[in-house]
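Thanks for making the time this morning.

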Amino acid sequence: MSKIIALTDYKGNFGSKHEDIPYRSGMDQNKLTLYFKELQHDLVFVPFSEIDFTSKSYIDTFFIYTSSEDPNYYYKEFIEDIVYALQISGAIAIPHYNFLRANNNKVFMELLREIVLPKQFCKLTTYKFGTYEELLNHIDKISYPIVIKGSEGASGTSVFLSKNKQDLISKVKKVSKTFSAKEYFWELGRTYKHKGYKKDSMYRDKYILQEFIPNLQKDWKVLVFGKRYYILTRYARENDFRASGSKTNYKSGTKSELTDKILDFAKQIFEKLDIPHVSLDIAFDGEKYYLIEMQGLYFGTSIINMSDAYFVHNNEDWIPENNNIELEKVYADCISEHINQ
């Protein structure tokens, strides 16, 4: 029986689960322990803060872990430190630290998918910037309309559409604003004291600009857990281009407006990522499929609760199977499959 260490946060929680009890407590750890034991894995829960690099060796030890969506992501930064240090020490983090870094970080997510996915999945022109001022050096290259995405945020909360140059400038300033009155006056003083001094930017929250796909009325959210594919059709809000978080005419499972090609596209992406589970946002313009976003861990799981079935690939066909398996079992299965592949 192989050992797997599951890293828990400062509240003692692990993972994310829709309709968890108590609220926002993550997966049921007793169920996880049971399901991993059935798969011949000894699951041990350990808090992030109790990992001791001075007295223990973690070489070739399997770790699974949670992430965090705490305000300003202060605790998530601590989680990143621990997981990255584990990988440096020779541990096997599942998923790889890269996907933790990309979690709720759209800038790194774009960089990661440009590196690990072939061009066929990255068809949209995307710009990454760390300040408003960096945009100004490229602004004459921008084609409109264009989508602005703050690096953090979910359900479309930091996503905007810009139709012209002035609108782009205004919205980028809003997304990237880091203004501090104290900082502003210190910088102003430095310009008077030091000739030629360039002030620090008051707009340093990173963001991306992404090519707009016109006339989209819907997209698909696909959750992949190993061999199981869960799918949700999402329609955009009225007079809006965003389907994420719209809660408009959602259709899941066998009721979703899926095609085999959508699932084929999701499967091709998943197989390139070397990861046990993933959340994919996929769009189709009538000719091409586009990967809009991806998350490798700590993503929403409400689709599982909403779906009457998940899909498995069998002999070139996608077969719906009754969705009567709880999340903890689905999660344990995909982790075990990943370890044993």
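On the face of helix α8 that is turned away from its buried side sit the exposed residues K261 and E271. By buried I mean under 20% relative accessible area, by exposed over 50%, and by partly exposed anything in between, with a 1.4 Å probe and the protein chains only. Helices (H or I, at least four residues) and strands (E, at least two) are DSSP runs, numbered from the N terminus.

Before going further, a word on what we are looking at: this is a predicted model, in which local features need pLDDT of at least 70 and side-chain atom pairs count only at pLDDT 80 or more, while totals for chains, interfaces and linings use all residues. Residues are numbered from 1 along each chain as its sequence is written, and side-chain values use heavy atoms, with hydrogens and water left out.

Back to α8, then. The buried residues of this helix are I262, L263, F265, A266, I269, F270 and L273. Seen down the axis of α8, these buried residues fall within an arc of 155°, so they line one face of the helix; the arc is that of the directions from the helix axis to the C-beta atoms. As for length, α8 covers residues 260–273, and its 14 residues should span 20 Å at 1.5 Å a residue, which agrees with the 20 Å between its end C-alpha atoms. The expected span here is 1.5 Å times one less than the number of residues. After α8 comes D274, whose phi is positive, near 55°.

Let me turn to strand β12, residues 277–284. Is this strand enclosed or open? Seven of its eight residues are buried, so β12 is largely enclosed by the rest of the structure. Strand β9 (residues 218–225) runs antiparallel to β12 and is joined to it by six bridges, with V222 standing opposite L280 in β12. Six bridges also join β12 to β13, again in an antiparallel arrangement, and there D281 stands opposite E293 in β13. Strands are taken to pair if DSSP finds at least two bridges between them. The hairpin of β12 and β13 has four residues between the strands, and in this hairpin G286 takes a positive phi near 105°.

That brings me to the backbone. As a general rule, most residues other than glycine have a negative phi, and most peptide bonds are trans. Against that background, E19 has a phi near 60°, a positive value in a residue other than glycine. E19 lies in the loop between β1 (2–8) and α1 (29–38), and is exposed, with a relative accessible area of 59%. Y298, in the loop between β13 and α9 (302–306), has a positive phi near 55°, and at 23% relative accessibility Y298 counts as partly exposed.

Which peptide bonds are cis? The bond from I94 to P95 is cis, with omega near 0°, and P95 lies in the loop between β4 (92–94) and α3 (97–102). The bond from Y144 to P145 is cis as well, with omega near -5°, and P145 lies in the loop between α5 (132–136) and β6 (146–150).

The structure holds two cavities of 30 Å³ or more. On a 1 Å grid over the protein atoms alone, a cavity is a set of points where a 1.4 Å probe fits but cannot get out, and lining residues have an atom within 4 Å of a point. Grid points are joined across faces, edges and corners, and a volume is the space filled by probe spheres set on the points.

The largest cavity holds about 160 Å³ of space. Of the 17 residues that line this cavity, M27, H277, L297, Y298 and Y331 are the closest to its centre. The second largest cavity holds about 30 Å³, and its lining consists of R113, F121, C122, K123, L124, Y289, Y290 and L291. Strand β13 (residues 289–295) gives the largest share of that lining, three residues.

Notes
1 Å grid on protein atoms, 1.4 Å probe; cavity = no way out; pocket = protein on both sides within 12 Å on 5 of 7 lines; lining within 4 Å.
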